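Biologist: I have not worked with this protein before. Could you walk me through it, starting wherever you like?

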Amino acid sequence: MRSAILILLLALAPPVGGALAEQEVQQIGDAERGEKLFSKCSGCHEVGAGAESGIGPHLNGIYGRKAAAIDGFFYSKGIERAASDGLVWTLETLDAYIDNPKALVSGTRMSFRGIKDPQDRHDVLAYLRIFSDNPANIPEAAPTAQAREVDLPPEILAIVGDPEYGAYLSSECSTCHQIDGSDAGIPSITHWPKEDFVVAMHAYKRKLRPHPVMQMMAGRLSDEEIAALAAYYGALD
């Protein structure tokens with residue numbers, strides 16, 4: 001009976017998420033704008049390096065995670081029922097949930113009224129995707145590895161990066177890229193030749209590589225910061 005109810009709720013949810021899944025889109029939304037919109041959520045939810053559960057569970061690794069799966073967090077009976085019925089947080093179910101939480105999960109404690117604008121939802125979901133522990137659920141994961149060259153001035157390639165500063169900057173990178181060099185669906189950047197690293201980051205910064213999340217991340221970095229990250233990842237044991 002519970003499974004039937006959950007299936008019915010999913011069927012009644014707005015069609016935006018389903019349409020996105022069917023089209024297998026390469027870009028959900030604007031992650032940089034989504035970061036600003038996430039301020040509506042940040043009073044209860046944390047995401048990113050050092051995120052912890054508080055009023056609500058942290059949202060690191062939300063894509064592909066079963067509902068009510070954070071150890072030690074006290075979930076509502078509604079979410080626990082949905083989890084036992086097989087609810088997994090995918091692009092489609094997240095889109096439906098942040099549109100109308102109580103329509104998807106009856107009895108949830110989440111008092112948030114929802115984000116009604118589809119583009120706003122997509123932008124928030126694009127931002128959350130940066131911190132996913134399950135890269136297979138990130139549509140842009142595959143294009144990350146596609147080579148796109150960019151001609152850089154010699155003075156940029158000549159910048160000597162500070163690996164200690166690179167280590168300080170690397171926390172956002174290591175949210176997705178495994179520091180031990182393993183490839184879990186997102187390419188490793190450990191031991192990359194420094195020049196290749198710099199060229200790739202500037203290609204993202206100039207939007208010559210297609211990954212919108214990496215474009216956003218690289219766009220925040222100065223030439224010196226890119227060089228520092230290249231020095232750090234190139235020197236890792």
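**Cysteines and onward**

Biologist: How far is the sulfur of Cys-41 from the closest cysteine sulfur?
Modeller: The distance is 8.8 Å, and the partner is Cys-44. That is too far for a bond, since a disulfide needs the two sulfur atoms within 2.5 Å. Keep in mind that this is a predicted model.

Biologist: Let me step back. What is the protein built from?
Modeller: Twelve helices and two strands. Reading from the N terminus, the order is α-α-α-β-α-β-α-α-α-α-α-α-α-α.

Biologist: How much of the protein is buried?
Modeller: Of its 237 residues, 49% are buried. As for contacts between residues at least 6 apart in sequence, 66% join residues that are at least 24 apart.

Biologist: Which residues does Gly-166 contact, leaving aside its neighbours within four places in sequence?
Modeller: Ala-228, Leu-229 and Tyr-232. Gly-166 has a relative accessible area of 0%, so it is buried.

Biologist: Now helices α10 and α11. How are they placed relative to each other?
Modeller: Helix α10 covers residues 194–205 and helix α11 covers 212–219. Their axes come within 7 Å and cross at roughly 105°. Angles from 65 to 115 degrees count as roughly perpendicular, and therefore that is how α10 and α11 are described.

Biologist: Which residues make that contact?
Modeller: On the α10 side they are Met-201, Tyr-204 and Lys-205. On the α11 side they are Met-214, Gln-215, Ala-218 and Gly-219. By type, the residues of this contact are four nonpolar, two polar and one charged.

Biologist: What sits in the loop between α10 and α11?
Modeller: Lys-207 is one of the residues there. Its phi is near 65°, which is positive, and it is not a glycine.

Biologist: Why point that out?
Modeller: Because most residues other than glycine have a negative phi. His-191 is another case, with a positive phi of about 70°. His-191 is in the loop between α9 and α10.

Biologist: Last one. Where is Asn-60, and what does its side chain reach?
Modeller: Asn-60 lies in the loop that runs between α3 (31–37) and β1 (65–66). Its side chain reaches the backbone nitrogen of Gly-48, at 2.7 Å.

Biologist: Is Asn-60 buried or exposed, given that it is in a loop?
Modeller: Buried. The relative accessible area of Asn-60 is 15%, and the cut-off for buried is under 20%.

Key. Residues are numbered from 1 along each chain as its sequence is written. This is a predicted model: local features need pLDDT of at least 70, side-chain atom pairs count only at pLDDT 80 or more; totals for chains, interfaces and linings use all residues. Side-chain values use heavy atoms; hydrogens and water are left out. Axes are lines fitted to C-alpha atoms, for helices over the stretch in contact, and angles run from 0 to 180 degrees between N-to-C directions. Helices (H or I, at least four residues) and strands (E, at least two) are DSSP runs, numbered from the N terminus. Angles under 35 degrees count as roughly parallel, over 145 as roughly antiparallel, 65 to 115 as roughly perpendicular and the rest as oblique. Contact means heavy atoms within 4.5 Å. Ala, Val, Leu, Ile, Met, Phe, Trp, Tyr, Cys and Pro count as nonpolar, Asp, Glu, Lys and Arg as charged, and the others, Gly among them, as polar. Buried means under 20% relative accessible area, exposed over 50%, partly exposed in between (1.4 Å probe, protein chains only). A polar contact is a pair of N or O atoms within 3.5 Å; within protein, one must be able to donate a hydrogen and the other to accept it, and residues adjacent in sequence count only if both atoms are side-chain atoms.
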